[in-house]
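Please look at the sequence and the structure first.

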Amino acid sequence: MTVLRIGPWSLRLSPRGLGAGAALVAAGVAVSLVALSTGEFTVPVPDIVDAVLGRGTPAAELIVGRLRAPRVVTGLLVGAAFGLSGAIFQSLTRNPLGSPDFIGFTAGAATGGIVAVVLGGSAWQIAGGSLLGCVACALLVYALAFRNGVQTHRLILVGIGVSALLTSADWYLLTRANINDAATAGAWLTGSLSGRGWDHALPVAAALALLLPVCALVSRPLRMMEMGDDSARAVGIRVEPVRAAAVTAGVLLCGVATAAAGPVVFVAMAAPQLARRLTRSPGVTMLSSALMGAVLLVTADLAAQRLLAPTQLPVGIMTAAIGGTYLVFMLRKERR
């Protein structure tokens with residue numbers, strides 16, 4: 001372990017963590033290049049570079065710049081946001097199941113998006129409804145779970161209950177909607193990167209740029225809080241303000257990611273745990289979780305496009321299959 005000091009700040013650098021981060025970045029670049037170059041029309045890697053730099057042929061610039069690149073970039077950003085959100089909530093709850101998928105925040109975002117779809121909202125209105133639904137659900141879960149502080153088991157149980165209620169509300173809304181709105185809402189509920197453009201990627205990029213510093217500031221106090229609130233208070237950490245800031249950042253990341261790609265499941269749960277095993281860190285790590293989430297989602301989207309080509313699956317189906325398999329593996333390992 002190396003400690004880098006910059007004025008009053010210090011940063012701990014783990015050689016294995018740095019190596020794992022570099023490997024994840026390389027994997028993300030490799031998968032992105034494959035996604036950009038392959039498909040119904042193959043584009044060589046040199047032509048991809050020329051198209052990105054504005055020196056490519058009109059066909060390459062159309063395929064790469066307008067069709068494939070926005071989808072890949074959106075996938076990377078959404079995956080990073082989900083991975084970072086999952087890392088925050090798993091650290092707060094000290095539980096691998098304490099991800100937005102299980103504590104209701106993704107369900108709240110989904111309900112808000114479905115309400116906007118059923119009301120005939122535009123793409124921006126659907127995104128706004130998703131974000132508002134996530135924030136409202138988080139406030140509800142936090143309020144119901146708060147009693148002289150927020151206990152992790154109470155937060156998870158309340159979140160599971162609220163998630164079940166919201167899921168039933170989603171299906172009720174689908175039964176009351178007309179056939180076209182129900183089909184649109186059903187497709188959005190699955191989670192997909194199909195048809196995503198730069199207007200979907202930019203809000204997620206802005207949210208990450210604003211919230212990454214917040215995550216960096218709370219990461220060290222969260223690591224101390226994993227040992228318990230009393231232990232954290234004993235070393236001078238203001239537990240409730242730190243928890244409130246972390247919850248706010250995690251909820252906003254989850255809401256923005258869901259608004260961009262729909263409620264893609266299991267990325268927020270699996271990414272922090274896989275990153276933890278890769279880095280062999282004693283706790284959940286923020287940066288490696290974000291990188292792992294980006295790689296997972298882009299890889300899953302590539303598999304969803306290519307495995308049954310020319311038929312393309314929504315990425316949410318692929319992440320559900322991967323995440324469900326990982327959950328069974330994790331539960332089996334915990335049983336042993």
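## Basis of the description

Helices (H or I, at least four residues) and strands (E, at least two) are DSSP runs, numbered from the N terminus. The model is a predicted one, in which local features need pLDDT of at least 70 and side-chain atom pairs count only at pLDDT 80 or more, while totals for chains, interfaces and linings use all residues. Residues are numbered from 1 along each chain as its sequence is written, and side-chain values use heavy atoms, with hydrogens and water left out.

## Residue A244

A244 is found in helix α10, which covers residues 239-261. With a relative accessibility of 34%, A244 counts as partly exposed. For relative accessible area, buried means under 20%, exposed means over 50%, and partly exposed lies in between (1.4 Å probe, protein chains only). A244 and Y142 are 102 residues apart along the chain, and their C-alpha atoms are separated by 9.6 Å.

## Helices α1 and α12

Two packed helices are described by the angle between their axes and the distance between the axes. Axes are lines fitted to C-alpha atoms, for helices over the stretch in contact, and angles run from 0 to 180 degrees between N-to-C directions. Helix α1 (residues 15-37) packs against helix α12 (residues 286-306) at an angle of about 25°, and their axes are 9 Å apart. The two helices α1 and α12 are therefore roughly parallel to each other. Angles under 35 degrees count as roughly parallel, over 145 as roughly antiparallel, 65 to 115 as roughly perpendicular and the rest as oblique. The crossing of α1 with α12 is left-handed, a term used if the near helix is turned anticlockwise from the far one by less than a right angle, with right-handed used if clockwise.

Contact means heavy atoms within 4.5 Å. On the α1 side, G21, L24, V25, A27, G28, V31, S32, V34 and A35 meet S288, L291, M292, V295, V298, T299, L302 and R306 in α12. The residues of this contact of α1 with α12 divide into 11 nonpolar, 5 polar and 1 charged. Here Ala, Val, Leu, Ile, Met, Phe, Trp, Tyr, Cys and Pro count as nonpolar, Asp, Glu, Lys and Arg as charged, and the others, Gly among them, as polar.

Of the 21 residues of α12, 15 are buried, so α12 is largely enclosed by the rest of the structure. The end C-alpha atoms of α12 are 30 Å apart, which agrees with the 30 Å that its 21 residues should span at 1.5 Å a residue. The expected span of a helix is 1.5 Å times one less than its number of residues.

## Helices α4 and α5

Helix α4 (residues 105-118) and helix α5 (residues 123-145) pack at an angle of about 140°, with axes 6 Å apart. α4 and α5 are therefore oblique to each other, and their crossing is right-handed. In this contact, α4 contributes F105, G108, A109, G112, G113, A116 and V117, and α5 contributes Q125, I126, G129, S130, G133, C134, C137, A138 and V141. By class, the contact of α4 with α5 has 9 nonpolar, 7 polar and no charged residues.

α5 has 23 residues and reaches 33 Å from its first C-alpha to its last, close to the 33 Å expected at 1.5 Å a residue. The buried residues of α5 are I126, A127, G129, S130, G133, C134, C137, A138, V141 and A145.

## Helices α3 and α8

Helix α3 (residues 58-93) packs against helix α8 (residues 198-225) at an angle of about 20°, with their axes 9 Å apart. That angle makes α3 roughly parallel to α8. α3 passes α8 in a left-handed crossing. The residues in the contact of α3 with α8 divide into 19 nonpolar, 4 polar and no charged.

F266 lies in the loop between α10 and α11. F266 is not a glycine, although it has a positive phi of about 75°. Its relative accessible area is 17%, so F266 is buried.

V267 lies in helix α11 and, at 3% relative accessibility, counts as buried. Leaving aside neighbours within four places in sequence, V267 is in contact with G79, F82, D101, P272, G293, L297 and T319. P272 also lies in helix α11 and counts as buried at 0% relative accessibility. Residues up to four places away in sequence not counted, P272 touches G83, G86, A87, Q90, V267, V284 and S289.

T285 lies in the loop between α11 (267-279) and α12. T285 counts as buried at 16% relative accessibility. Not counting residues up to four places away in sequence, T285 touches A87, R223 and T279.
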